[in-house]
Amino acid sequence: DVVLKTVVEQVTKAINTDGCTLSFLDQEKDAIVTMVDYRRTSGGIADVSGTIYPLKDYPATRSTLENRQPLFESRSDPRTDPAERALMEKLGMDSELLLPLVVRNQVIGLMELYEVDSKGRAFTDDEIRLAQSLSVQTAIFIDNARLYEHSERRLQQTEALRTIDMAIAGSMDLDFVFNVIFGNIISQLDVDATVILLYNPITQILEYRAGRGFHTEALQHTA
């Protein structure tokens, strides 16, 4: 997302860090998932969008989200959790400041400000307050974007249902109606294929009537 990349870039510059990562909290998987990672330096490996980190493996991150308080971690600090230190080493981070993303009294994700070579840098109280303020603004932005996306999706689904309803009411051609249904199902549900089976009351089985997206005709002989 171009806008998110701009957000992390501006946050990185405002706090004067080497990089910034934004992740969202997946409640069902009990994990954080990387959305975007920006770094100003060439050191280390940028995190890949979509990478999943189960919270059971990263207790310090879980604690930050549950307590809703910032946490500073350094690879040189013996108190740093071994799993967190190993991940920092993998991604080429020397230290990081974790900040929960909270909006409408709900934790929705995590912001990480990090240094590739901190040289003993410690964030000042003013820097932490600024980072917290930026994390709040970022959380609001992400939440608004999600609400907008949800509204757009609902509108598109309503339009799809209206199109299907008009096709059913205005045509006796089943093939035409099925094509309208298939087109909207595939686009709205983001699936590769769909099929309609009609119930035969004589044989009491479902029989193939029409389909779209299948690579073979084997399903047409299903009964």
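Val195, Leu197, Tyr199, Leu206 and Phe214 make up a nonpolar surface patch whose accessible area totals about 440 Å². Strand β7 is the main contributor to this patch, giving three residues. A patch here takes residues with over 30% relative accessible area and no salt bridge, joining like charges within 9 Å and nonpolar side chains (Val, Leu, Ile, Met, Phe, Trp, Tyr) within 5 Å. A salt bridge means a side-chain nitrogen of Lys or Arg within 4 Å of a carboxyl oxygen of Asp or Glu. Areas were computed by the Shrake-Rupley method with a 1.4 Å probe, and for residues only the protein chains shown count as cover.

A word on the model: it is predicted, with local features needing pLDDT of at least 70, side-chain atom pairs counting only at pLDDT 80 or more, and totals for chains, interfaces and linings using all residues. Residues are numbered from 1 along each chain as its sequence is written, and side-chain values use heavy atoms, leaving out hydrogens and water.

Back to β7, where Val195 lies. Strands are DSSP runs of E with at least two residues, helices are runs of H or I with at least four, and both are numbered from the N terminus. Strand β7 (residues 194–200) runs antiparallel to β8 (residues 205–212), and seven bridges join them; two strands pair if DSSP finds at least two bridges. Thr194 faces Arg212 of β8 across the pair. Four residues separate the two strands of this hairpin, and Gln204 in the turn has a positive phi of about 60 degrees.

Most residues other than glycine have a negative phi.

Finally, the largest pocket has a volume of about 180 Å³. Its lining includes Val103, Arg104, Gln106 and His150. Both β6 and α4 (125–170) give two or more residues to that lining, and α4 provides the largest share, four residues. A pocket is an open set of points on a 1 Å grid over the protein atoms alone, where a 1.4 Å probe fits, with protein on both sides within 12 Å along at least five of seven lines; lining residues have an atom within 4 Å of a point. The volume is the space filled by probe spheres set on the points.
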